[in-house]
Each structure stands twice: as C-alpha cells, then as structure tokens.
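Work through the exercises below with the model open beside you. Try each task before reading its solution.

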Amino acid sequence: EELRSLGLANQRLAINGVFHASDPNDPIAQAIEALGREAMATMPDTLAQLPRDEVPLRAFDTVGLPALRALLGASVRPEPVEGLAGFGQAQAERKASLPAEPLSRMADELAAKGHGLIMVMGKGGVGKTTIAAALAVGLVQRGHSVHLTTTDPAAHVADTLNGSLEGLKVGRIDPKAETEAYIAKIMASKGKDLDEQGRALLLEDLQSPCTEEVAVFHAFSRVVNTARSAFVVLDTAPTGHSLLLMDATGAYHRQMTQQYETKADGSSASGLHIVTPLMRLQDASITHVVIVTLPETTPVTQAAALQDDLRRAHIEPWAWVINKSIAASGTSDPLLRARLEGERTQTQRIADGLAKRTFVLPWLAQPPVGVEALGTLVAVGAKGLS
Ligand SMILES: Nc1ncnc2c1ncn2[C@@H]1O[C@H](COP(=O)(O)OP(=O)(O)OP(=O)(O)O)[C@@H](O)[C@H]1O
Ligand SMILES: [Mg+2]
C-alpha cells in the first residue's frame, strides 16, 4: 500500500516456500500445510488482489547457485552443495543423536541457579516470545517466582501465555511510555528550581533522540537489578550493538544530571549513580543469554552475527535454541524428511563451533500457545518430542 501510494503500482506477489503435504496421515506435515493455507486465505485484500506466483517449498536449502537454479525450475534435487557433501552414511547415525538437548533440561539448569537474568534473543519470528514464555513457565513449575518482561507489544506475550500462573509476573518495557515518564521525572526534579527559560532549555535538551535510549536504558537497568535476587526472563532483549549505545547514553545521562542537579555546596547530587547494566550482562553468574534460531542457513548466519555483536559488547551467550526442528518432530513426510539433511547440516554447524550449549524445540503440529501447552514443553523430564 505504501508503495502504491508513491505511484509504484506495478506489483506482483511471490509467495515462497508453499508446502503441500504428501502424506495425509502425517500430523506435522498436515499442520504445516494448514498454516500456509490459512495465511494465504486470510491475507489482506491489497495482497490477495495482486497477480501471484507461488514457489513451492523445496527439499533443499536454497543457498548457492545450484540450489538457486533448482528453486524456480523443476523440482529436482540440485547436486549436493559444498558442506552437504559426504553426508550420506554418517547421517543415519547422527539422526539418533542430535547434538541438542530438550528445553526441559534448560529449565532444570537455569532453575538450579536460583536467580538471574535470562535474555532471549534472536531475529524476527524465530520463536523468542514462545521460548521466553516457556522458560518462564518452566521456572515457575520448579518453584521460583519469575518476572517475564518484553519489549514486544505486550499483547504478544499475553496471547502466547493465554492465561496466568501464580508466581509469574508479566511486564513490558514500552519505549514511548518510558520516555514520557522519564521526561516528566526530570522536569519535576531537575526542572523544578529553574526559571521559565531554564525549564524551556531543559525540555529542549530532553527532546533529543538520546532521551529514548536513556529512558529505555533505565527501564532495562531496573529489570537487570531485580535479577540479582529473582528470575527475570527478558523477551527480545536489546542487541549487543544497542547495549553499547545505551551504555554510551549512560554517560549522557550522567552529564545531564550533573549539569542540572548540583547541591548547594557544589557537589554532585547523591542517589543518582548510574550503574551500567552492561557490567551485569557481562557477568555470567547473573546473566544467561539464549539465542533462538531456526535450523536454516540464513537464520543461523544471522544468529551467528548476533552472537558476534554480543561478544563485541563482551557478553558471551550461554546457549542456543534450535526452534521448529523437523528432525525432532518425528515427521515422515518425504519432502520434510529430505529437508532434514539441510537441518542436520545447520545443527552440526551450531554444535561444532557456534554454540556452547544447544537445545532444541521440535516443530509442533499445535503451536505452543497457552500456559498449559508451554508447560508440557518444559515439564521436568520432558523429552521435548511431541
Ligand atoms: N516449535 C514451534 N512449533 C510450532 N509453532 C511454533 C513453534 N515455536 C513458535 N511457534 C509459533 O511461531 C510463531 C512465531 O513465534 P514467536 O511469536 O514466539 O516468535 P518471536 O521470535 O517472538 O517473533 P517476533 O520477532 O515477531 O517477536 C507463533 O505463532 C508461535 O506460536
Ligand atoms: Mg516476540
């Protein structure tokens, strides 16, 4: 719509990865097909009216020239691309021992720490909210009280949980609200003794884009602080890059507060120490970073970039979660099984050098929505296979 309003009306819709189950008795295959059908049936009119191409889901990962050639051509398998070669024999053995543990193990281990911050990170749509909510429920199951905080629109977490649980508190960091509250607070404190011109000047200073970062930084600091004695699960945490930015804005805040709040004797006001949360995030005894990815080439590459970004901020991720694993789902659909080879390559890639610990959540025929469904994923002793 945006493009059309700019006069770019020659549009065409390409729907990629359209899946048709070949085994009517395979619940996973049926569920995946139904999801696609549903999405296409309910797409907005502006899209539905466009001329449309559908590219079927292929049995191979679509990275590399042979794969790209095969993508739009007949549905023949491309020659094995580099990295997939030599898989044949060892494959069957690997199948039995996917180098990844179920989510319940992750909940066990985190629960054993007694408290701390769990930051669930990853690219859009990989399952961050689902994993964060499941871990939160798992910690509550193990007798802990948990604060689940999101920077997503709060409704997503509420929808995912679809209910409440004693011991589980859900909160949200809303950048807009945090910024407004922060400006109001500074105006009420630092602005209160200034004359009209001074107040106008201060307010102008506060209109800087830095203010939002400082405000979010404060909200985030508050959350990080509570993790010293309780469990805090953070859904969609800031990336390493923005953490460094926020840390830099801490300096801006210090400067602001010194400039506007000085005691009668000239000393700087007390009680305004800015404790950078970065130091706590770097402390592996407090913070556990969980990176969520799908077992496909590009998502894994993006997750690896996120990990590098965190490492630049001197934050070492604790574990990865491979979500929507087909290998772990137990499907027998031939196309999905053929895709397993690609998935296994990615799982191996993660286990061989990217992740210190790897956990897995299978592709579930029923999306894990609701406290109960989430609870079964992380229940003590759960295998994670459905
Ligand atoms: N293992 C799974 N099996 C089946 N469906 C899943 C699985 N994990 C997540 N989903 C579904 O996939 C969708 C996306 O998951 P989710 O909202 O957790 O992703 P997200 O990373 O938080 O997304 P965003 O980046 O938009 O916040 C949801 O509908 C969720 O129910
Ligand atoms: Mg989310």
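**Exercise 1: the ligand shell**

Task: find which residues come nearest to ligand 1.

Solution. Of the 18 residues around ligand 1, the nearest are Gly 125, Lys 128, Thr 129, Thr 130 and Asn 323. A residue belongs to the shell if one of its heavy atoms lies within 4 Å of the ligand. The model is predicted: local features need pLDDT of at least 70, side-chain atom pairs count only at pLDDT 80 or more, and totals for chains, interfaces and linings use all residues. Residues are numbered from 1 along each chain as its sequence is written, chains are lettered from A and ligands numbered from 1 in the order written, and side-chain values use heavy atoms, without hydrogens and water.

**Exercise 2: polar contacts**

Task: list polar contacts of ligand 1 (pairs of N or O atoms within 3.5 Å).

Solution. Start with Thr 129: a polar side-chain atom lies 2.8 Å from a ligand oxygen. Next, Asn 323 places a polar side-chain atom 2.9 Å from a ligand nitrogen. Then take Pro 362, where a backbone N or O atom is 2.9 Å from a nitrogen of the ligand.

**Exercise 3: elements**

Task: say which element gives the largest share of the shell around ligand 1.

Solution. Helices (H or I, at least four residues) and strands (E, at least two) are DSSP runs, numbered from the N terminus. α7 (128-141), β9 (319-325) and β10 (358-362) each supply at least two shell residues. The largest share, 3 residues, comes from α7.

**Exercise 4: the sheet**

Task: find the partner of β3.

Solution. Strands pair if DSSP finds at least two bridges between them. β3 pairs with β10 in the parallel sense over 2 bridges. There, Glu 101 stands opposite Phe 359.

Conventions. A polar contact is a pair of N or O atoms within 3.5 Å; within protein, one must be able to donate a hydrogen and the other to accept it, and residues adjacent in sequence count only if both atoms are side-chain atoms.
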